[in-house]
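Subject: Structure for your files

Hello,

The structure we talked about is below. My notes on what was found follow after it.

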Amino acid sequence: MPPLWVLLALGCLRLCSGVNLQPQLASVTFATNNPTLSTVALEKPLCMFDSTEDLSGPYEVYLYVLVDSASSRNASVQDDTKTPLSSTFQQTEGGRTGPYKASAFDLTPCSDLPSLDAVGDVSRASEILNAYLIRVGSNGTCLSDPNFLGLCNPPLSAATEYRFKYVLVNMSTGLVQDQSLWSDPIRTNRPTPYSAIDTWPGRRSGGMIVITSILGSLPFFLLLGFAGAIVLSLLDMGDSDAETTHDSQITQEAVAKSLGTSEPSYTSVNRGSALDRAEVYTSKLQD
C-alpha cells in the first residue's frame with residue numbers, strides 16, 4: 001500500500017485541476033467502511049477553489065445534499081441574486097424535494113493543511129481526519145433535540161442514492177463565489193437481511209437460540225438445587241441430634257427410677273431375714 005502522503009497528493013492533484021470537478025468518496029485509507037447505512041464520508045475540496053486564483057477575505061464552503069432523481073444534475077443551490085439556499089433537511093424531506101445544506105466549514109488554504117508527518121500521532125488523528133474529510137449524516141440527535149440551533153446534519157436513509165455539491169461562499173457579501181459539479185450518485189448501504197447474517201461457527205435458528213439460552217441457565221438451577229439439598233441435610237441433622245438427646249434423658253430417668261424402687265425391696269428382704277434369725281435364736285434359748 002502506498003504511503004498516506006502519496007494518496008493525499010494524488011487526491012489534491014485530482015481536485016487542483018479546476019472547479020469543474022465532483023465531490024469524491026473518501027479514500028479507504030481514511031474511511032474503511034464507507035458508505036455506511038446512514039453516512040457518507042467525502043473528501044473535502046482541498047485546493048479546489050484557491051488553485052486558480054488567490055482568495056482574500058473570509059470564505060466558507062457549503063455542502064449540499066440531494067436525493068438522486070432525473071433532474072438532480074440541474075438542481076440549483078442559489079437564487080437569482082446568487083444567494084446560497086438555506087433549506088434544511090426537514091424542509092426538503094431529507095433531500096427528496098430539493099437540495100439541503102448539510103454542513104458548512106471554513107476554507108483551508110493548501111499551505112495551512114496539517115502535516116502528514118504526524119499521521120501516526122494518536123492525539124492528532126482526529127484533527128487530521130477533520131481537515132481532509134467530511135462525513136454526511138453524522139449527527140444523530142439534531143432532529144430530536146428541540147434546543148439544537150446549529151446546522152443539522154442528520155443520518156441519511158439506507159439503500160438510497162444521493163448527490164453532493166460543494167459551494168464556495170464569500171462571507172463578506174454572502175454570495176456564491178464558486179461551486180463544484182454535482183457528484184455521481186452515491187448509494188448508502190442496504191440493511192443485511194436477518195437470514196443472511198453470518199452467525200459463525202454456524203447459522204443458528206430461533207429454536208437453537210432458545211435451547212442455547214436454556215442450557216446456559218441450567219447450571220444455575222443445578223447449583224441452586226445443590227445448595228438447597230445441603231441446607232435441608234443440615235436441618236435434618238439438627239433434628240436427629242435433638243431427638244437423640246431427648247431419648248437419652250428419658251432413658252436416664254427410667255434407670256434412675258428403677259434403681260430407686262429396688263432399694264426398699266432389698267432392704268425389706270434383708271430385714272425379714274434378720275427377724276427370722278432372731279426368732280430362731282430365741283427359741284433355741286428357751287429350749
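Two rings of Phe, Tyr or Trp (for Trp, its six-membered ring) are taken as a pair if their centres lie within 6.5 Å, and planes over 60 degrees apart make the pair edge-to-face. On that basis the structure holds five aromatic pairs. Please keep in mind throughout that this is a predicted model.

Aromatic pairs

Phe 89 lies in the loop between strand 2 (59-67) and strand 3 (100-106), while Tyr 100 is in strand 3, so the pair ties together parts that are eleven residues apart in sequence. Both partners fall under the 20% limit for burial: Phe 89 is buried at 17% relative accessibility, and Tyr 100 is buried with a relative accessible area of 0%.

Phe 105 and Tyr 166 form an aromatic pair that is also edge-to-face, with 6.3 Å between the centres and 85° between the planes. Here the link is between distant parts of the chain, since Phe 105 is in strand 3 and Tyr 166 is in strand 5 (residues 161-170), 61 residues apart. Phe 105 is buried, its relative accessible area being 12%, and Tyr 166 counts as buried at 1%.

Charges over rings

In the same way, the charged end of Lys 101 sits over the ring of Tyr 62, at 4.0 Å from its centre.

Gly 94

Gly 94 is in the loop between strand 2 and strand 3. Is this glycine buried or exposed? At 1% relative accessibility, Gly 94 counts as buried. Setting aside neighbours within four places in sequence, Gly 94 is in contact with Val 67, Phe 89, Tyr 100 and Tyr 162. Gly 94 and Leu 156 are 62 residues apart in sequence, yet their C-alpha atoms are 7.7 Å apart in space.

Salt bridges

Side chains of opposite charge can pair when their charged atoms come close. With a cut-off of 4 Å between a side-chain nitrogen of Lys or Arg and a carboxyl oxygen of Asp or Glu, the count comes to three salt bridges.

- Arg 163 and Asp 68: the closest N and O atoms are 2.7 Å apart. This pair links distant parts of the chain, with Arg 163 in strand 5 and Asp 68 in the loop between strand 2 and strand 3, 95 residues apart. Arg 163 counts as buried at 6% relative accessibility, whereas Asp 68 is partly exposed at 23%.
- Arg 73 and Asp 184: the side chains meet at 3.5 Å, N to O. Arg 73 lies in the loop between strand 2 and strand 3, and Asp 184 in the loop between strand 6 (175-179) and strand 7 (186-187), so the pair ties together parts that are 111 residues apart in sequence. Arg 73 is partly exposed, with a relative accessible area of 48%, and Asp 184 is partly exposed at 40%.
- Arg 124 and Glu 127: the N to O distance is 3.2 Å. Arg 124 is partly exposed at 27%, as is Glu 127 at 42%.

Nonpolar patch

Ile 211, Leu 215, Leu 218, Phe 220, Phe 221, Leu 222 and Leu 224 make a nonpolar surface patch of about 760 Å². Phe 220 has its place in helix 3 (residues 206-286). With a relative accessible area of 53%, Phe 220 is exposed.

Overall

The protein has three helices and seven strands, which run along the sequence as α-β-β-β-α-β-β-β-β-α. Of its 287 residues, 29% count as buried. The accessible surface comes to about 18500 Å², and 58% of that belongs to carbon and sulfur atoms. Among contacts between residues at least 6 apart in sequence, 68% join residues at least 24 apart.

Regards

Conventions:
Residues numbered from 1 in each chain as written. Predicted model: local features only at pLDDT ≥ 70, side-chain atom pairs only at ≥ 80, totals over all residues. Heavy atoms only, no water. Patch = residues over 30% accessible without salt bridge, like charges linked within 9 Å, V, L, I, M, F, W, Y side chains within 5 Å. Areas by Shrake-Rupley, 256 points an atom, 1.4 Å probe, with all protein chains shown as cover. Helix = DSSP H or I, 4+ residues; strand = E, 2+ residues; numbered from the N terminus. Buried < 20%, exposed > 50% of the residue type's maximum accessible area, 1.4 Å probe, protein only. Phe/Tyr/Trp six-rings, centres within 6.5 Å; stacked < 30°, edge-to-face > 60°. Lys NZ or Arg CZ within 6 Å of the ring centre and 35° of its normal. Contact = heavy atoms within 4.5 Å.
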